[in-house]
Amino acid sequence: MIVSVYGIPRSGKDTFIKLVLQKRNNAVHIKGSEKLNELSKSLFGLKFRELNNKQQKEIRIEFTRFVKSINKEGCLIMVDGHYAFPNGNEFSSVFTDEDLDLYDVFFYLKRTPEEIVRNFNSDNKRDYLEYLLDVDKVQQWMNFELSNMQKVVESKEKDFIVLDSEPLTIDFVANFSKTSLQISKEIAKEIVELAGNKNVILTDLDKTISINDLTNDFIEKGELDNHRPKTIFKGDYYSWYQFYEFHSWLCSIENYEEAVLYSLSKLLINEKLVGDIRTLKSDSVVVALTTGMADAWNKKNKELNLFDCLYGYSKNNNLVITPLIKKLVAKYVTESIQTMGIGDSVIDLGMISQSNKGYLISMTKLDKRIIAKMEDGFDFKSIQQPSYSEYKYDFIKEGNIKW
């Protein structure tokens, strides 16, 4: 597997990769800038930055060939890279199509601006001094990279994974073995085989099948810090690592089973939606894809008997379901079978839009991120809201849940 580690200067890419390599056998670090310069001097006798655009493209192609030539099954090849640099009062991307095609996964080291400034002051390099000594400019630089890079990478349905300063990120990357694409294809294959000649309903759980989110009650019973989720998902980054950190935190409590049962006692089922799904169940397979707590919902399904299969993170199964995995599962199942996608939030939009029919539920409040998606140009024409959704989006038409 070939992965990249991005981040602005002084974000600690080299140190991070060294720590990963200490925990991972059969791993290699290729220093991107050094290798580009090595190839440039070999072919043209100049540094990479001194080459013209045509020569730089040629070197990037050579770099891609080199990295692919040392890639072997089971090996983790890590390349550090840069997405953009300051250009006057703006930022210019140096990210290329070759980069996008080469890497299976894109990791991004997100540090606080204060950390970046401290790191800058602690070494002897003075490049980008005007930016790396200014907390506000550091934040602008990171914001530019995070927002633009995420759009570019996810447009190719590849993993863009935001990593923070937690030590847990080292283990997460060291143990990384499958991409969202691989996992999604495996799940889709299982669903298609299970469905046979039936249709498939893909549904979210918390605040979709239920009106409330059982995780909140679990956190209360577990006496956990209820502000922690906002910290983990700060900036609305819903990449693989955030969900991994979130579930690792939930599973760490001693009274786990007790908290699960307590959360289920507080659960409010969306009876109208469940009734609609039951009417379709005779000729449909119902599949739950949850970013929430699969252990709790598996227990609840013994009572509901609604889901034919359920995918999500549990204490004994570290399957992280992300928005990208939901989207890709819907895409690949839809290639073989008639599908319906049901969800409540921006996390579900990919799954809903990739299904033949999509329904957005809003029983507690409007998701402002969905409004932002509309303003950003997301196409909602294929998505409907059932009549019993308490809160309505004026850009989404109303429709009964049916095939």
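Glu 257 lies in helix α13, residues 256-265. Helices here are DSSP runs of H or I with at least four residues, strands are E runs of at least two, and both are numbered from the N terminus. The model is predicted: local features need pLDDT of at least 70, side-chain atom pairs count only at pLDDT 80 or more, and totals for chains, interfaces and linings use all residues. Residues are numbered from 1 along each chain as its sequence is written, and side-chain values use heavy atoms, with hydrogens and water left out.

Glu 257 is partly exposed, at a relative accessible area of 43%. Buried means under 20%, exposed over 50%, and partly exposed in between (1.4 Å probe, protein chains only).

**Helix α10 against α13**

Two packed helices are described by the angle between their axes and the distance between the axes. The axes of α10 (residues 214-221) and α13 come within 8 Å and cross at roughly 135 degrees. That makes α10 oblique to α13. Oblique covers what is left once angles under 35 degrees count as roughly parallel, over 145 as roughly antiparallel and 65 to 115 as roughly perpendicular. Axes are lines fitted to C-alpha atoms, for helices over the stretch in contact, and angles run from 0 to 180 degrees between N-to-C directions.

Contact means heavy atoms within 4.5 Å. On the α10 side, the contact residues include Leu 214 and Phe 218; on the α13 side, they include Tyr 256 and Leu 264. The contact divides into seven nonpolar, one polar and four charged residues.

**Helix α15**

In α15 (residues 294-304), the buried residues include Asp 295, Trp 297 and Leu 304. Their cover includes α10, α13, α14 (271-280), β9 (284-293) and β10 (309-313). Just after α15, Asn 305 takes a positive phi of about 50 degrees.

**The sheet**

Five strands form an open sheet in the order β2-β3-β1-β6-β7, with parallel pairing. Two strands pair if DSSP finds at least two bridges between them. The twist averages 25 degrees from one strand to the next. β1 and β6 pair in the parallel sense over four bridges, and Val 5 stands opposite Phe 107 in β6. Helix α1 (residues 13-23) packs on the sheet, and its direction makes about 170 degrees with that of β3.

| Strand | Residues |
|---|---|
| β1 | residues 2-6 |
| β2 | residues 27-31 |
| β3 | residues 76-81 |
| β6 | residues 105-109 |
| β7 | residues 159-163 |

Definitions and conventions. Ala, Val, Leu, Ile, Met, Phe, Trp, Tyr, Cys and Pro count as nonpolar, Asp, Glu, Lys and Arg as charged, and the others, Gly among them, as polar.
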